[in-house]
Amino acid sequence: MSYQVLARKWRPKNFNEIVGQDSTLRMLSNALDNERLHHAYLFTGTRGIGKTTLARIFAKCLNCEKKISSTPCNNCDTCKAIDEGRFIDLLEIDAASRTKVEDTREILDNVPYAPTAGRFKIYLIDESHMLSTHSFNALLKTLEEPPAHVKFLLATTDPKKLPITILSRCLQFHLKRVSIENISEHLKNICEAEKINFERPALELLAHAADGSLRDALSLLDQSIAYCNNTLVTKEIRNMLGTVEHETLFELLKALAEKNGKKLLSEISKLTEVISQFDRLLEALLSVLHKIAVHQTVSDAPADDMIKQLAKNFSAEDIQLYYQIALIGRRDLPYTPHPALGFEMIMLRMLAFHPATHTTTTEKKIMEPQKITDTQNWSHILSELKLTGMAHALASNCVLQKISDTHFEFALSEKHQPMMNTNLIERIEQALTQHQHRAIKIKIIITKDELNTPAKHQQQQQQERLATATSTIKNDSNVQKMIDIFDATLSTDSIVSTDN
Ligand SMILES: [Zn+2]
């Protein structure tokens with residue numbers, strides 16, 4: 001049994017099977033049912049939304065042997081012939097391939113002759129903006145004095161390229177991009193009819209990827225059925241489309257809301273293991289930020305729980321700023337040494353830059369011990385600064401507290417206060433100015449608190465590495481044998497961690 005692609009099998013045969021074009025269909029149906037017919041119609045809209053499908057149904061409505069109506073019978077010879085693309089009085093012209101004036105002229109030469117089989121002779125000109133100037137002139141002449149038995153149905157993705165003289169003689173209908181909800185619902189109906197098992201979120205992913213085009217949605221559905229072996233599982237569809245786990249983005253943004261740098265970096269690293277298309281990832285992130293912004297503005301706007309929660313966790317300014325950072329980051333992504341690195345920097349930038357209105361300015365707040373967050377972030381910035389010697393040592397013992405347009409504020413434990421001097425502060429300021437591409441001054445506040453500084457963090461890491469190395473050596477079977485045979489003892493003091 002041959003497999004018929006879904007887009008063809010499910011091509012609408014009636015107006016009521018067309019998805020998401022209600023207002024156009026209502027106007028056309030009224031015109032047909034009242035026989036208030038124009039001689040030229042223009043259907044506009046992006047690719048894949050069903051302009052020619054609609055035009056073909058319209059041709060059936062005009063030529064059905066029963067009568068002119070918005071509900072062709074689909075049973076008479078004419079209806080069947082149009083469905084099968086073999087109706088003699090429906091002349092389909094693809095302007096993209098036939099732009100020579102002779103071709104159009106040849107076709108238009110036959111306009112005066114009465115239709116052979118139908119009520120009307122119908123010219124369906126697809127991609128009509130591609131006609132040459134000469135062809136437009138030939139068409140215009142016909143449109144100026146159209147014989148009663150002729151109807152022109154023009155379709156185009158780019159109506160601006162049609163001459164105004166043509167436009168003014170056509171009744172124009174703009175077909176909308178089909179909404180995600182409509183596409184998803186349509187896919188659900190098809191799956192149920194085709195006895196294909198599915199998870200609802202899987203269909204939503206497909207609808208999303210189709211980007212307003214029903215034709216693309218059906219091709220994707222075909223592809224998914226083959227990929228998933230007849231059961232559409234969300235996870236597999238995500239893999240197929242290369243889309244991002246919604247939950248992962250949620251975790252990422254949650255870490256950002258908590259200003260938890262450690263968690264943020266760990267979520268990023270999880271992502272970089274599975275994602276290769278960081279442009280798509282940023283696109284998904286932008287889409288989530290947009291939804292959050294909408295929900296913050298109109299609280300009763302439809303949103304899932306994830307969006308609702310994130311909307312509470314961030315201020316509107318945060319979201320605006322993050323959107324801007326993601327947008328610029330996406331633009332610059334091709335210039336980064338590696339997209340994964342570029343993505344990480346974008347996220348760290350979001351973490352580093354809080355809108356000024358939301359940074360605390362009170363001395364009290366600044367003196368509070370920081371969470372691991374800023375330490376992590378500062379570690380990252382620090383690793384990129386060209387600092388050496390004492391300046392690096394001082395910076396490593398600082399904890400970043402606050403960033404404004406002009407200042408970086410740090411906390412420094414009082415036991416390290418003796419390290420501070422004007423020369424070192426100037427060197428750190430110079431390095432930051434170079435790194436941030438703007439003039440940066442630093443302010444260091446001395447605190448009695450224990451701080452999680454980059455220096456401490458590095459020390460911890462070194463200890464962890466050492467502990468790991470020690471346990472690896474202890475558990476090594478060869479080492480064990482030597483201990484057993486020679487009654488040896490392991491001198492753990494001699495173990496050093498060499499990396500870093
Ligand atoms: Zn019919």
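The model is predicted, so local features need pLDDT of at least 70 and side-chain atom pairs count only at pLDDT 80 or more, while totals for chains, interfaces and linings use all residues. Residues are numbered from 1 along each chain as its sequence is written, and side-chain values use heavy atoms, with hydrogens and water left out.

**The zinc ion**

Select the zinc ion together with Cys-64, Cys-73, Cys-76 and Cys-79, whose SG atoms are its protein donors at 2.3 to 2.4 Å. Donors are N, O and S atoms within 2.8 Å of the metal (3.2 Å for Na, K and Ca). Angles of 101 to 122° between the four donor atoms make the arrangement tetrahedral (four donors with all angles between 85 and 135 degrees). Along the sequence, the donor residues follow the spacing C-x8-C-x2-C-x2-C.

Buried means under 20% relative accessible area (1.4 Å probe, protein chains only).

**The nonpolar cores**

Now select Phe-15, Phe-43, Phe-58, Leu-206, Leu-221 and Leu-232, which touch the most other members of the largest nonpolar core, a set of 51 residues. Such a core consists of buried Ala, Val, Leu, Ile, Met, Phe, Trp, Tyr and Cys residues joined through side-chain atoms within 4.5 Å.

Centre the view on Leu-221: its contacts (heavy atoms within 4.5 Å) include Leu-6, Leu-187 and Ile-190, not counting residues up to four places away in sequence.

Finally, select Leu-249, Ala-293, Ala-340 and Leu-351, which are among the 38 residues of a second, separate core.

Key
Four donors count as tetrahedral if all angles lie between 85 and 135 degrees; four count as square planar and six as octahedral if opposite donors are over 155 degrees apart and all others between 65 and 115; anything else is irregular. Buried means under 20% relative accessible area, exposed over 50%, partly exposed in between (1.4 Å probe, protein chains only).
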